[in-house]
Amino acid sequence: METVIASASELAGFTVPAIKLVFTLLIGYPLAGMYRVLVRKTPSSVHHVFFTLCGLYLIYFNYGFDMIHSIITILVTYVIIVCVGGTQLSVTLAFIFNLSYLVVGYILTCTDTYDIKWTMPQCVLTLRLIGLTYDLYDGCSDPDKLSPDQRSTCLHDKPSLLEVTGYSYFFGSFLVGPQFPMRRYIDFTENKFVTDSYGSEPSCFVSALKTLALGSTYILVFAVLTPWLPTQYLYSDEYMAEPFWWKSIYINIWVKVTLMKYVGCWLLVEGSCTLSGLTYNGKDKNGNNLWNGCSNILLWRFETTVVYQDIIDAFNVNTNKWVYRYIYKRLQFMNNKNISQIATLAFLAIWHGTYSGYFMTFFNELIVMRFEKQLGSLLAQNETIQHWLKNNTFKTTARVFTKIFYFHFFLGYCFIPFSVLTVDKWWKVYTAIHYQGLIMFLSWPLIYPLAKYLLVTKKKVKDDTMNKVD
């Protein structure tokens, strides 16, 4: 197998860990088939054993004896659950231990480039184990004080070690996600999801194959185009010497292609999760089964949006749901949305790694979202602009212009630090494009009063004057 992987790596021009990753994502489909045929109708304990053994083998296949890190964190978290599970102390201990273990791992293994190593599945596991202790805490709390979302994910009983390992090592999600609560996993392994879909040709087959085809297409396009759009070119002397218009075009195309690897991987794992039956999400208005319970990318919204809020809502969906549920909403006691937002973004940054690029990326998200929210509010209050937007030609032209000259450029601008990681690299790129994003978004608080006057206040003053004359 190692020889085959090495040959594929040489042929494709990608690293051995990258080829192993894609192979592992694809092997989820035959494993899901095996599960449906051999395991689904057996007792739930057999399900947990199957998922545990599959996950352990695959993580060993990818990272060798570095698999020990996941075993350690699972066992320590389980001890916390057994001893003080369902208490605030258990949440605090699990949060500190798992996040600290991950960060120390980042520090000890970091290089100047992004490497596929054991910390990648460990960051997925970190959220999973922290969320588990939160759900158990909610299950031991007063039901009247829980939100509908908390009531849907809470756990009233402590899970067994076998349930925790099966949940942690589920082959369709342990490497790159998606995140899903323990409650979904338990319901899935106890066959509480639909039974009418498990006929000779379950509807999930078609959905899974469509998702597999989409994911494979994205990965293939990325593999073909990325050699022509290397990230290293962004901080090269050649790029520095290019005219500004070319730098802008390159960033527009580069970010589109770079994001394809994330979209492709998430689609591949979603397909295998769907084939196993995990993603069942009820029925639509026509009574058809829905298989989008673990979707990590809302593809149409992601591809057609012109605003960054839609990117947040459509990209890495389940991780964003996780931080909203377990970080942002848990900070309500501070009674300050700004502080909660900053703390949530800071958590996301350190969860991704210790590189300055991660912190800069989420700082960019903060200032861009403030800009869009305030500008969007002003435009919504301007009757003239809203009248123009009723014209389909104007609306389409505005969307295309915004997509090309605002959205894609600044999406690339915001994502550059995330991709190149270190400050010497991303600052060099920012210098090459004259710090446009920082100037635009950081100066917005100074421009906002004038924009408000021109778009809203001036119009109101004019209307008030006319009313007095009448």
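Q: Why is Y435 called partly exposed in this predicted model?
A: Y435 has a relative accessibility of 28%, and partly exposed covers what lies between buried, under 20%, and exposed, over 50%, so Y435 counts as partly exposed.

Q: Where is L421, and what is its phi?
A: L421 is placed in the loop between α19 (392–420) and α20 (423–432), and although L421 is not a glycine, its phi is positive, at about 80 degrees.

Q: How do you know whether L421 is buried or exposed?
A: The relative accessible area of L421 is 0%, and buried means under 20%, so L421 is buried.

Q: Why is F405 called exposed?
A: F405, which is found in helix α19, has a relative accessible area of 54%, and because exposed means over 50%, F405 counts as exposed.

Q: What makes up the nonpolar patch on the surface to which F405 belongs?
A: The patch is formed by V400, F401, I404 and F405, which together have about 420 Å² of accessible area. Residues in such a patch must each have over 30% relative accessible area and no salt bridge, and their nonpolar side chains are joined within 5 Å.

Q: Why is K373 called exposed?
A: K373 has its place in helix α17 (residues 356–381), and its relative accessibility is 69%; since exposed means over 50%, K373 counts as exposed.

Q: Which residues form a positive surface patch with K373?
A: The patch is formed by K329, K337 and R370 together with K373, and Lys and Arg are the residues that count as positive.

Q: How do you know that E372 has no salt bridge, and what does its side chain reach?
A: E372 is found in helix α17 and is buried, and the nearest side chain of opposite charge, R301, is 10 Å away, whereas a salt bridge needs the side-chain nitrogen within 4 Å of a carboxyl oxygen. The side chain of E372 does reach the backbone nitrogen of Y308, at 3.0 Å.

Q: What kind of peptide bond joins G177 and P178, and where is P178?
A: The bond between G177 and P178 is cis, with omega about 10 degrees, and P178 has its place in the loop between α8 (161–168) and α9 (182–189). Most peptide bonds are trans.

Note on methods. Residues are numbered from 1 along each chain as its sequence is written. This is a predicted model: local features need pLDDT of at least 70, side-chain atom pairs count only at pLDDT 80 or more; totals for chains, interfaces and linings use all residues. Side-chain values use heavy atoms; hydrogens and water are left out. Patches are made of residues with over 30% relative accessible area and no salt bridge: like charges are joined within 9 Å, nonpolar side chains (Val, Leu, Ile, Met, Phe, Trp, Tyr) within 5 Å. Accessible areas come from the Shrake-Rupley method with a 1.4 Å probe; for residues, only the protein chains shown count as cover. The place of a charge is taken as NZ of Lys, CZ of Arg, CG of Asp or CD of Glu. Helices (H or I, at least four residues) and strands (E, at least two) are DSSP runs, numbered from the N terminus. Buried means under 20% relative accessible area, exposed over 50%, partly exposed in between (1.4 Å probe, protein chains only). A polar contact is a pair of N or O atoms within 3.5 Å; within protein, one must be able to donate a hydrogen and the other to accept it, and residues adjacent in sequence count only if both atoms are side-chain atoms.
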